[in-house]
Amino acid sequence: MWRTSALSALSARALTVEAPLVLWLGLAALVGFALVVALRGPRRVRVPSAGAARGPLGALDLPWVASLALRLGALALVAVTAARPVGLVAENPASGSGVDLVIALDASGSMLALDAELDGRQVTRLDLAKRVVADFVRARSGDRIGLVAFGEHAFTQCPLTVDHRLVLESLERVDVGVVGDATALGEAIGLGARRLRSAGGPEDARRILVLVTDGRHNSGKLAPKTAADLARLGGVRIHAVGIGTDGLVPFAQPGAEAPMRFERVDLDRETLQLVADATGGRFFQARRPEDLRAVTDAIDRLEARPRALDPRFRHASLAPLTLALALALLVSEAALAHGLVRRLP
């Protein structure tokens, strides 16, 4: 992945090959083959006009020339494919909303509770959270987004980036227990706020932290309220999203024969509401993907200033395209040789 401001669309300067020597050798062999075939001339009898007078172009055999051109074009494309052609593909729009956004996702043991709904079936809280976070990321085109996962500790799963595909891939790798079974809300808020403050960008850029948890703070040395106050001083606004319900809930167990267990896991609404209020954000509770639409609506209502972003491009292989074109030329040549102008055995 790299940055450029010189290209806004795919052009001749955006195309290259990774093995130019292979390309030159292939084209040189192709030129030699073309010369040999041209000197030898056509080796077929045209039916039904064998022996007929030549047209105004004299000895030039137009069907043979067309067949030769199609074959040479297909071989040239094969040579280009062997040289591994690549082109530049745009990764993000040329402008953004000016929002830097970090999603802090709870991956503690309580996220295995089976009290969430998804597509009409019961799923774990983490399954629901990952679905709605993925939908949220896809809807935030143009913003820089990062991902923090937390349990007993917090760590950066994906730094701030406009490559939302990378964020989604990082989200898929989040699993319960990777950072312990406890819930360190304070550390998650603190780490997310630090990532936003150190991300660069204009001083007046909007910095948003979306905290997705089922939790009650029970780990770490940093209290959630203290972390929220520090985030507010750094210009970070927190939206807290509570996943799940209160009371006894069933838990997913490893193995098909394992008996279902029930535990009491209560959502700490007071703490989440306090954290959101301290930074001017909002608190939401969700059991279904539809409930998370309020989060997207709330962030969209922020008065984010548009800012220009340097377009980003990535190298993408063009080999499938060149091979498809070569095949199309060969099929056209076969149709010409065995359909429109038949050859004798």
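Trainee: At what angle do helix α5 and helix α6 pack, and what does that make their arrangement?

Mentor: Keep in mind this is a predicted model. In it, α5 (residues 185–197) and α6 (residues 224–233) have axes 8 Å apart and an angle of about 10° between them. Angles under 35 degrees count as roughly parallel, so α5 against α6 is roughly parallel.

Trainee: Is the crossing of α5 and α6 left-handed or right-handed?

Mentor: Start with who touches whom: α5 brings residues including Leu 185, Ile 189 and Ala 193, and these meet a set in α6 with Pro 224, Ala 227 and Leu 230 among them. As for the hand of the α5 and α6 crossing, it's left-handed.

Trainee: Which element gives the most to the largest nonpolar core?

Mentor: That core has 34 residues, and Leu 101, Ile 103, Leu 105, Val 210 and Val 212 touch the most other members. Elements supplying at least two residues each include β5 (99–106), β10 (206–213) and α3 (125–139). With eight residues, the top contributor is α3.

Trainee: Zooming out, what share of the protein chain's residues count as buried?

Mentor: The chain has nine helices and 16 strands. It exposes about 18,000 Å², with carbon and sulfur atoms supplying 58% of that. Out of 345 residues, the buried share is 45%.

Note on methods. Residues numbered from 1 in each chain as written. Predicted model: local features only at pLDDT ≥ 70, side-chain atom pairs only at ≥ 80, totals over all residues. Heavy atoms only, no water. Helix = DSSP H or I, 4+ residues; strand = E, 2+ residues; numbered from the N terminus. Buried < 20%, exposed > 50% of the residue type's maximum accessible area, 1.4 Å probe, protein only. Areas by Shrake-Rupley, 256 points an atom, 1.4 Å probe, with all protein chains shown as cover. Core = buried A, V, L, I, M, F, W, Y, C linked by side-chain atoms within 4.5 Å. Axes fitted to C-alpha atoms, helices over the stretch in contact; angles between N-to-C directions. Parallel < 35°, antiparallel > 145°, perpendicular 65-115°, else oblique. Left-handed = near helix turned anticlockwise from the far one by under 90°. Contact = heavy atoms within 4.5 Å.
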